[in-house]
Amino acid sequence: MLILLIWPGAGAFAQLRAAFTPSKSSDCESLVTRFDNQSTGNPVSWQWNFGNGSTSTDKSPSASYTSPGTYTVKLTVKDASGATSTAQETVTVWALPKPDFTASPAKGCIPFDVTFTDKSDPSNGTISTWSWDFGDGTTGTGKSPVHTYNNVLKATVTLTVTNSNHCTASKVISNIVDAGAALTANFSISNKFVCTAPGTVTIANASSGPGTLTYKWDFGDGKTATGANPGSHTYTARGIYKIKLTVSNDRGCVATHTSDEINVANFKTDFQLPASVCENASASFTAATTPQADNITWSVDKGYINSWGSSTYFSPAGTGTVKVTMTADYGTCREPITKDIVVKPAPQAAFTTDQAAICDVPATVKLTDKSTGATSWNWTFGNSQTSTQQHPTATYNSLGYYTIRLTAGNASGCTSVSDQYIQVQKPVIYAYSSIASGCEGITPNFSAYSTTGDVITKYEWDFGDGSPKSTEATPSHTYSKAGSYNVKLTYTTANGCKGTVNLYSYNSIQVYKKPKPDFTSPQAPQVCGNNWVQFNGTTDVGNHFSWNFGDYNYGTSQRTQHSYREPGTYDVTFTVSNNGCDSSVTKKAFIKAVNPFPRFSMKPVDCDNRTEISFDDNSLGAITSWKWSWGDGKENAYTTKTAVVKHKYDRTGAYLVKLTVSDGTCTSTDSATINVYAPGAITINTDKSTLCGHETLRANLLTIDQSLYYSYYGYNWSSSDGTPPYWDYYNQQYVTFTNMKPGKNAIRFFAVNHQGCIDSSNKVVVDVHGPVAKFETPPVLECRGTELMFTDQTDISKGKPVKTWSFDFGDGTGAKTFTAPPFKYTYNRAGYFIPQMTVTDEDGCRSSASGNYLQVNGPNADFTPSSTLIPPGGDVWFYNTTSETGGYATYEWDFGDGTTSTADHPSKNYPVKGTYTVKLLVRDNNGCTDSIKKQIKVSSVSADFTFTPL
């Protein structure tokens, strides 16, 4: 025998075990964390050693750490018996990284590139990100970026680094970069073409820049000079030369400028053309100049020149020898050249055909040449056949459309072309009937149509019923018997084409017999109330049925039933259709419906007592008894009229309610299905009881009987602070709330049932803490480039003090982080901006706010030239795309050659080769300015052509 003894106290108390979790296990520079006690076994006391010299006996205390390092936190718990258990965890305070960097070169003339080299110490871990503010309104990333300075300034550069522990620190070095004004080397020359050698050019120095300038000139012919103005220089030999100027200053900046090519009597003029051209063709002429000429013109003593430039087309105006002259301009130098071209006579191609109407293939077409001046003939017939005869014959073996082409030639090799189109197609005849089907005795009308214009001259209609045929063009015919009749047309056209066709779209006429309907009812001639009446229809033929019961109700079956809802005598009509042939029978006063008529309706539900359902009794007649069957196994009977009848149901469900009434002679019953919805139990919970305002709270729907409610449409979540919920449209089992207002907020769920009654869940209260961000934008409108001040108005009454302020000023430059006021920013573009601020408090809680719409006045200068590379003498249109905010702009254009304009969209002609810097300066009526520069290059563009006679 096995005896099992169980000690009564065993398992009565769980084993004592210390356990806890810090709310935050690490942070940068300092750490504030809460230790959530998770001990088990019913401890009665807690002894904490935070590792920083502090202790606590609270159950779930908080502690702060202000020095970098790793701290061991110990918890010792004790139960009522004196037993103890100890647990420990570590928390870490990371030291901030130590940013540092150098810049090289630190001094120069704009534009110049500066390389920034990172020298930062991560303190712990590694540096993961670098963020640079270069002090000129631009930012960058990367360990050692290269940045180009384009404005004169002494730049204060800021490096912000973040290490692998997500700790961030910044270093600012004032005036680390000294960007001086640009050094520009520039000069002009009197001309770029010298017609003879020796020849002289005059040089005018236009260089500029800061400090003391020195000059070195290289004239390209082995000779040099120094000094600001060399005056003129003489080239003694033919050739191509370039002048180079090197300018330097005492800051160590160097700039160079090299002129375009200077041609000293070094050009060759020629052009290419064919020896001859046919009078009905054109020829192309192509310039062959060295170097590329600035301008080329063409002329002929007979005919037409169709274009200008290095290549042109010539159209003859008669036969014979034509003189062609090309004139090339090289700067101020001009050289003409003349050549001959012979224009040869050409034949004139022409022909006729003997094509008549074609009823079938093969078809033969005879062709007759009518050309003048021709000695040879080449024919293509469009069917892969050809001929060289003067008067050929073409044979076509298939129907279709064909192009016949004659190419006539002469002894000089000139040709001429003539095309004609022929149609090899027999007529297509369509026969039509006005009616496709109908009842016996229908009379369709018939007609026919030819697609080719070859009209029908003879008709023979066969109506398919053995009746005499008709020779009329549009006959009519009556079909007296049911059946299917194939109709055919035999035709002859004006061109002798013959054939036989069936009706188009359908081959036959369908004729159907009319049905002979009748009906009876076993309930006729009288029925009590709304009791069912059986109707039995009969017919000899038919496939579709319809009933008119005389009370605006209808049926569609041969045998059907109907319930009358009002007392009265009714006419009944039965209609039978046999493929569209309809026949009806109507019986007057066929049936009489007499009282009593049971009638009842369900009243609106009282949501406070929703399982008690009320009904209005509206029955007709001298009723002596009422019997209600509620569908839940219960019944009530009355012998006196009760206007409103009530019944209370025990549970949710669908119930068939019946009312039977009697006047002692007739008894009648009516019924209706109703739905009863008892109040439902709904419970929810949340994943947090306390949280920062920026964090997301998830609320979960735990229990609900979804069959009671309009899911999705009838569900709603709410928070007492007005924060809207977010949920998946197709899954409302949980929702989230983000950016809730600090304070005690109640979360609830509501559902609307199918009767329109609202059920609500339990209420869950959460504690939201943190700042509420708010700031004020500058009230005064300023020009771009002006430093603006932003004022913080954040509410910290339900959180800790703010630790950082992050501003996104809305101009695309990215967010800037501050650790203390003042909050200053300079917009380098005019426009309308919406700044945003995000604050983070000492607990890490964040809040964001958008400021007022901020207007920054001034122009944003910009323009687009129609072309940046043009030939000498070309025009450039400047499309002004400047945007202006807050004022009215005026424009000052400098075209780089000493000319200016104040037009909105000017144009400029550049006659001389060179590179020109175009500057647009924009001012507005508020005193705001902006400028932009772009370059236009004026240069000849060479191309190569070959000639192919047309």
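Q: To start, which cysteine does a disulfide join to Cys692?
A: This is a predicted model, and in it Cys692 is joined by a disulfide to Cys845, with an S to S distance of 1.9 Å.

Q: And where in the chain do Cys692 and Cys845 sit?
A: Cys692 is in strand E66 (residues 690–692), whereas Cys845 is in the loop between E81 and E82, so the pair links distant parts of the chain, 153 residues apart.

Q: Are they buried or exposed?
A: Cys692 has a relative accessible area of 7% and is buried, and Cys845, with a relative accessible area of 0%, is buried as well.

Q: What is the handedness of the link between Cys692 and Cys845?
A: The link of Cys692 and Cys845 is left-handed, with -55° about the S-S bond.

Q: How many bridges join E81 to E82?
A: Five bridges join E81 to strand E82 (residues 846–850), and the two run antiparallel; within this pairing, Thr840 stands opposite Arg846 in E82.

Q: Which strand do six bridges join to E81?
A: Strand E77 (residues 802–808) is joined by six bridges to strand E81 (residues 836–841), again in an antiparallel arrangement, and here Trp805 stands opposite Val839 in E81.

Q: Back to the disulfides: how many are there in the count?
A: The count comes to nine disulfides, among them one that joins Cys28 to Cys167, with an S to S distance of 1.9 Å.

Q: Where are Cys28 and Cys167?
A: Cys28 is in strand E2 (residues 26–28) and Cys167 is in the loop between strand E15 (153–163) and strand E16 (168–180), so this pair links distant parts of the chain that are 139 residues apart.

Q: Why does Cys28 count as buried?
A: Cys28 has 10% relative accessibility, and buried means under 20% relative accessible area, so Cys28 counts as buried; Cys167, at 0% relative accessibility, counts as buried too.

Q: Why is that disulfide called left-handed?
A: The torsion about the S-S bond of Cys28 and Cys167 is about -90°, so the disulfide is left-handed.

Q: What about Cys439, which cysteine is its partner?
A: Cys439 forms a disulfide with Cys581, their sulfur atoms being 2.0 Å apart. Because Cys439 lies in strand E43 (residues 437–439) and Cys581 in strand E57 (residues 581–594), the pair ties together parts that are 142 residues apart in sequence. Both Cys439 and Cys581 are buried, and the torsion about their S-S bond is about -140°, so this disulfide is left-handed.

Q: What stands opposite Phe545 and Trp547?
A: Phe545 stands opposite Val576 in E56, a strand (residues 568–578) that five bridges join to E53 in the antiparallel sense. Trp547 stands opposite Gly555 in E54, and E54 (residues 554–555) pairs with E53 over two bridges, also antiparallel.

Q: And which residue takes a positive phi in the hairpin of E53 and E54?
A: Gly550 does, with a phi near 90°, and that hairpin has five residues between the strands.

How values were computed:
Residues numbered from 1 in each chain as written. Predicted model: local features only at pLDDT ≥ 70, side-chain atom pairs only at ≥ 80, totals over all residues. Heavy atoms only, no water. Pairing = 2+ DSSP bridges. Helix = DSSP H or I, 4+ residues; strand = E, 2+ residues; numbered from the N terminus. Disulfide = S-S within 2.5 Å. Buried < 20%, exposed > 50% of the residue type's maximum accessible area, 1.4 Å probe, protein only.
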